[in-house]
Amino acid sequence: MLVEIQCDKFQKNGEMRAPIRFHKGLNAVLGDDNGSNSIGKSTFLMILDFVFGGDDYVKKCTDVQDNVGEHTINFTFRFDNKDYHFSRNTVKYKEIVKCDANYQPLPDEEPLSEKAYGAFLCEKYGLTADGITWRGAVGRFIRVYKRETLDEERPLQAAKDEKVSDAIKSYMKLFDRYAAVEAQIKQAAAADDEKEAFRKTTQQYNHVRAAKTPKEKEANELRIAELEEQEKKLAQENNQGLLDLDSMTAQHLSDLQEKLINYRRQKAAVQTQLNAVRRDMTGQKKGFKRTFSALEKFFPAEDFKTLEDIEKFHQKLSKILNDEFQETEKDLSTTYVLLNNEIVKIKDEITKTKTVPNVSQAILKEYARITTELNNLHEANDNFDKLERLKKVASDYAWTRDEVINQQLMQIESSVNQKMREITLEILHDERHMPPILRLEKLNRYTFKTPNDGGTGAQYRGLITFDLANMAIAPVPFVVHDSVLLKNIEKPVFSEIIKVYEKQKESGKQVFMAYDTLDSYSKETQRIVNENAVLELSPEGNELFGWAWNKERNDGTDEK
């Protein structure tokens with residue numbers, strides 16, 4: 001348990017305060033009988049939250065950080081008669097430093113992260129349930145002004161932005177009742193994932209989709225019977241044993257026939273091109289140089305040199321064209337031979353594959369169409385049956401999940417409500433008064449209320465009763481209650497609550513509370529609170545930090 005807090009910034013009348021010591025049961029932080037404000041009561045409770053691993057003191061008490069500046073909180077826990085000393089700085093607040101008895105950092109010891117520090121406290125306080133975290137276990141029971149844990153209708157929320165489902169899960173872990181639920185949630189999720197994955201597989205990625213409804217499946221079965229009859233009739237009409245062909249063989253033969261037709265067409269086209277090229281190669285026109293002499297007889301004065309040059313150009317062009325013709329002829333001849341070879345191969349493969357003689361291409365295509373549709377329909381119905389099985393499995397697991405969740409929530413709800421009834425009777429001494437009621441309806445929904453009594457005091461009494469009940473039946477090691485919870489409660493009821501607070505020492509647990517103005521309470525109440533006071537604050541130098549920064553000095557400046 002926490003046994004000490006110390007800080008060199010804690011002042012009293014200009015001097016550093018002595019370490020603040022704690023004990024089992026009630027630990028009271030008191031103000032004066034005038035109910036003075038801004039003296040540090042709530043701030044000290046926020047420091048307790050800081051010591052217990054929270055960071056609201058740094059983030060929300062900005063006036064303290066601005067006026068006090070950087071400071072270090074030193075503190076000690078005692079477990080099994082052994083003291084553990086730590087310090088935590090308001091700037092490097094993500095680190096918790098291990099210290100010696102004088103709060104000097106231990107040599108060769110690395111600072112603890114917030115997570116590691118939380119794991120340490122879980123271990124020492126005996127919070128060992130699967131998945132439990134330190135702040136998840138205790139954070140919601142630290143109810144201080146500026147923290148988001150004062151909603152009397154939302155006692156499970158550790159912060160306003162915490163999801164209800166996360167709050168309930170953390171609460172269940174406190175009772176070690178979430179592990180069984182989590183196992184069923186995972187199993188149900190896995191079954192649902194398998195169902196959805198199969199559904200998508202049959203509807204996407206070019207797979208045969210499942211029949212959507214039993215009516216569609218029935219229609220498929222009628223179509224299957226019809227196609228099977230067509231298949232049988234086709235074989236009988238062909239009278240060549242086509243029924244012995246499987247769909248793959250039939251489809252293969254159909255594909256081979258199509259390839260054969262295609263190759264034959266290509267071969268014919270190549271043959272045509274090849275004949276044309278060969279005609280061009282053998283039928284080229286001769287040059288007309290030999291006729292130049294005849295022209296000279298008719299035109300003796302003309303110069304035929306230009307014509308000779310043109311003739312030479314034609315001869316060169318003819319040679320180039322002849323080379324290209326030869327190259328083209330060679331390529332076409334090669335292609336012709338290759339196509340012919342492929343035709344021979346396909347014919348051989350058809351001969352080897354076709355077990356039924358003289359099966360026409362039309363028959364093969366029709367048989368392939370029938371068997372393809374049959375296979376698709378069979379697969380659609382098989383997929384329907386499998387999807388229905390997966391739906392049933394997923395539904396069964398979801399039902400089991402919901403039942404386990406309901407049972408675990410009811411167990412917690414029942415035990416908490418029973419304890420709240422007992423505590424209500426203990427502090428009110430009247431069985432007619434209705435206790436607060438917790439309803440854990442689902443993993444993401446709950447209600448909490450004090451029936452038929454909407455008064456502020458009654459609502460906050462219900463919140464206090466809830467915390468005390470949880471501390472009694474769950475491993476909640478402490479609660480922190482600010483005066484805002486207590487000041488609207490009737491004096492006789494407050495006195496009884498103080499007695500319950502004090503009784504927590506019997507179980508070794510702690511209650512930290514802030515209050516003031518005790519002069520109107522019974523002497524017994526005053527005695528209990530004063531005997532358990534760990535810190536007393538008042539104005540004029542006895543504030544937590546020795547001064548108040550919300551006042552102006554006589555010279556008009558802030559009192560700093």
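Predicted model: local features only at pLDDT ≥ 70, side-chain atom pairs only at ≥ 80, totals over all residues.

**Salt bridges across the fold**

A: Lys 499 is partly exposed, at 26% relative accessibility. Partly exposed lies between buried (under 20% relative accessible area) and exposed (over 50%), with a 1.4 Å probe and protein chains only. Residues are numbered from 1 along each chain as its sequence is written, and side-chain values use heavy atoms, with hydrogens and water left out.

Lys 499 has a partner. Glu 524 forms a salt bridge with Lys 499, the closest N and O atoms being 3.7 Å apart. A salt bridge here is a side-chain nitrogen of Lys or Arg within 4 Å of a carboxyl oxygen of Asp or Glu. Glu 524 sits in helix H16 and Lys 499 in helix H15, so the pair ties together parts 25 residues apart in sequence. Helices are DSSP runs (H or I, at least four residues), as are strands (E, at least two), numbered from the N terminus. Glu 524 is partly exposed too, at 41%.

Helix H15 (residues 491-503) also holds Lys 503. Its salt-bridge partner is Glu 426, with the closest N and O atoms 2.9 Å apart. Glu 426 lies in helix H12 (residues 361-428), so this pair ties together parts 77 residues apart in sequence. Lys 503 is partly exposed at 38%; Glu 426 is partly exposed at 29%.
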